[in-house]
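Visitor: Please take one part of this model and go through it closely. I would like to know how it is placed and what surrounds it.

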Amino acid sequence: MNLSSLNEKLPLFKGLNDTYIYPIMEALPTSFRIGMKQTIVTDVRSEGGGITTLRLHLKNASILRHLKAGQHIELGLESKGKRICRTFSISSSAQQSKEFGYIEVSFKVNANGALTPLLNEQTVGSKAVHVNKPNGNFTLPLHPAKEKSVFIAAGSGITPILAMLEEAAFYNLISQCLLLYYVKDGEHYPFKERLSALHAKGLSFKVMPTKQTGHFALEHLTHDNPTSTKRCNFFLCGPGNLIETASQALLDQGADRSQIFHEHFGLPITAQHKPIPAEDNAMSAHTVFLTRSNSSFNSPANTSLLISAENEGLTPNFGCRIGACHQCICRKNSGRVLNLKTGKVSDNGPEDIQLCISQAIEDLSLDI
Amino acid sequence: MNTPNKDQLSKFAAELDNLRNTVIDQLGEKDARYIIRLIAIQRSLDLCGRIAIAIAFLAFSGTLAWLIAALGILLLSSSKILDNMEIGHNVMHGQYDWMNHPTINSRVFDWDNAGHNESWKRYHNHEHHTYTNVLGKDRDFGYGLLRLSNDLPWKPKNLWQFFTFINLSALFEWGVAYHELAGERVFFGKKKEDSNLPISDQQLKKDFFGKAGKQLFKDYVFFPLICWPVALQILICNVIANVIRNIWTGTIIFCGHFTEGAHTFSEDSIKNETRGDWYYRQILGSSNISGGKFFHIMSGHLSCQIEHHLFPDVPSSYYRQLSPKIAELCSTYDIPYNTGRFSKQYFEVVKRILYYSLPEKWQPAYG
Ligand code: FES
């Protein structure tokens, strides 16, 4: 029996750990960090197309027990005493991860991002990257009820799909898989080698350089897929418009909603962002998603999140309304905010923000 | 003392903002390690203290047992003091929120104190820090029990307020816990009319009893019981440790706002207050205690009350280095900067409590 399962079973044991053991361990010169698991980098490799893959071995792999291919994981690194966390798709197969106790994540360096430049500095042996439990519903059904699995990926949306394909290959189901992969450059695209290896095992795949083929169109699919829509499962990952057009086209073809699985992007949202001057964005409205209540509201320009939430009839906690009491504090999952008190723009990963002095400068997701 | 004019105050505010920003820009690894290490030290003290007390009575007897227990009490009360002052108070002010740490942040951190963390944040961070020493607004001014200014009407109970003060010190954590409930008069039905708390009376009561129960259970039931044959001795030691912590924290806090020179303000005077006015009022309403590094840490840097009131969310470990700079700024702008040795400040507090226990007409000339 290991520590984490004891922790779950005995509240007293957990209390003891939380109060005494963990805080003391964190102060020691080890890489132990409260709330996250330690890893060690055991491999760094380039996947082509500017993508790097890190293999992270877990000291205690119990969090991988329920891992499914296609899930994502939160990575955390410390920089100047601050924890920076982002979610990445796991690109290694779930079966391998469980067997060997490691996960692989793939990323492209975003010079303006907070985390990817730090990830890029990691070398074999480094213990600085920490992880959380894997998560996510975009996964491969273990016993595919359909004859064929069709994967449609665009850009970095390939990462979770790669994990799924590796998984399918392990269970000898790869010959029932078809991949449509939209890339910028048909010659040098990410994961070229891994995909050809999968191809050798029976994967049918088609690289679609968007310059020539354009974005997704139904013909791309029907042309290569003689199987009737009804007998397929579809897995879509990429930007929002790909998912929308593809799902709509498939539904029009008579596919059922239950046959379509999708997720927005495989790499963290960071990679998609350009640096935006805060002033411009303070001028426009942004959407705020609330993950716990699964709703959203609009946050107009030059209005604090507290006020715009209240205008929408929500009742967040508050006290002073001037940024002093920390009562309106809430967890932000992603998106950047402008701090009206200091004029500083936040990071776009998960962190705590004060609603009364924060203003959205892009779409946000809040944990309320 | 001349009141600085609008112009001077806005220049003064700009200089203070400048000081604040230089500190904020420096925050990093060193500060994160400071608080993480301090918490680890505090937890170790707590653990060692509790173990020492238990071993004292389980393995020794007579005077030796009490001597070892005294050491344990010393460790346990220091741990509680560190937890409440340098750690809890400052973390709950959001001084370490920039670390993005899952447990060291103002949203989830809880302290070893009877006061519920949410309730404390509501009245302390907001009310006390915004309306410092504003009569009728800042309930921390005399804690509703002590009359410390002639602007408050005299009542017969003020005659023995010195003893109320001694009691309040010994039970300080309960005063803190009961504070918001008392202010809202939740138990006596005389509900305040202009209450705008974002929380119901039921919730307020539930929080109070939940936290109070947890604290009582931990120190007075759980730890005594797991050392069953010596439960009573352990209970006594825990009571002593809590009282020591209460007296220390209470005393430091009284010295921060109720010394002779600490000003009070009327509600009218703070209407249309600018940032400069606010800074000015924070300085006039607070007083510092001079001392060494160890003393400042044990008092959670509330001995730098002025710096804390100017910059409540700047990590407290910077207050010591800010202090001389702010004192210098104050002297340039001819603003009184109240500081002194502990004995001087404490003596002034006692004097003030005694002085205002008499109605105005019986008071001798102050001094
Ligand atoms: S309401 Fe007080 S900090 Fe936001």
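Guide: The crossing of α5(A) and α6(A) is left-handed. In this predicted model, the contact is made by Leu162(A), Leu165(A), Glu166(A) and Ala169(A) on the α5(A) side, and by Arg194(A), Leu195(A) and Leu198(A) on the α6(A) side. Two packed helices are described by the angle between their axes and the distance between the axes. For α5(A) and α6(A), which covers residues 192-200, the angle is about 30° and the axes are 11 Å apart. That angle makes α5(A) roughly parallel to α6(A), because angles under 35 degrees count as roughly parallel.

Helix α5(A) itself runs over residues 158-170, 13 residues in total. From its first C-alpha to its last it reaches 18 Å, close to the 18 Å expected at 1.5 Å a residue. Of its 13 residues, 12 are buried, so α5(A) is largely enclosed by the rest of the structure. The buried residues include Leu162(A), Leu165(A), Glu166(A) and Ala169(A), which are the α5(A) residues in the contact with α6(A). Also buried are Ile158(A), Thr159(A), Pro160(A), Ile161(A), Ala163(A), Met164(A), Glu167(A) and Ala168(A). Just after the helix, Asn172(A) takes a positive phi of about 60°. Most residues other than glycine have a negative phi.

Thr132(B) is found in the loop between α4 (117-130) and α5 (161-170) of chain B. Its relative accessible area is 0%, so Thr132(B) is buried. A polar atom of its side chain lies 3.4 Å from the backbone oxygen of His129(B).

Positive phi values occur in chain B as well. Asn100(B), in the loop between α3 (62-92) and α4, has a positive phi of about 60° although it is not a glycine. At 8% relative accessibility, Asn100(B) counts as buried. His301(B), in the loop between α10 (293-298) and α11 (305-310), has a positive phi near 60° and is buried at 0% relative accessibility.

How values were computed:
Residues are numbered from 1 along each chain as its sequence is written. Chains are lettered from A and ligands numbered from 1 in the order in which they are written. This is a predicted model: local features need pLDDT of at least 70, side-chain atom pairs count only at pLDDT 80 or more; totals for chains, interfaces and linings use all residues. Side-chain values use heavy atoms; hydrogens and water are left out. Helices (H or I, at least four residues) and strands (E, at least two) are DSSP runs, numbered from the N terminus. Buried means under 20% relative accessible area, exposed over 50%, partly exposed in between (1.4 Å probe, protein chains only). A polar contact is a pair of N or O atoms within 3.5 Å; within protein, one must be able to donate a hydrogen and the other to accept it, and residues adjacent in sequence count only if both atoms are side-chain atoms. The expected span of a helix is 1.5 Å times one less than its number of residues. Axes are lines fitted to C-alpha atoms, for helices over the stretch in contact, and angles run from 0 to 180 degrees between N-to-C directions. Angles under 35 degrees count as roughly parallel, over 145 as roughly antiparallel, 65 to 115 as roughly perpendicular and the rest as oblique. A crossing is left-handed if the near helix is turned anticlockwise from the far one by less than a right angle, and right-handed if clockwise. Contact means heavy atoms within 4.5 Å.
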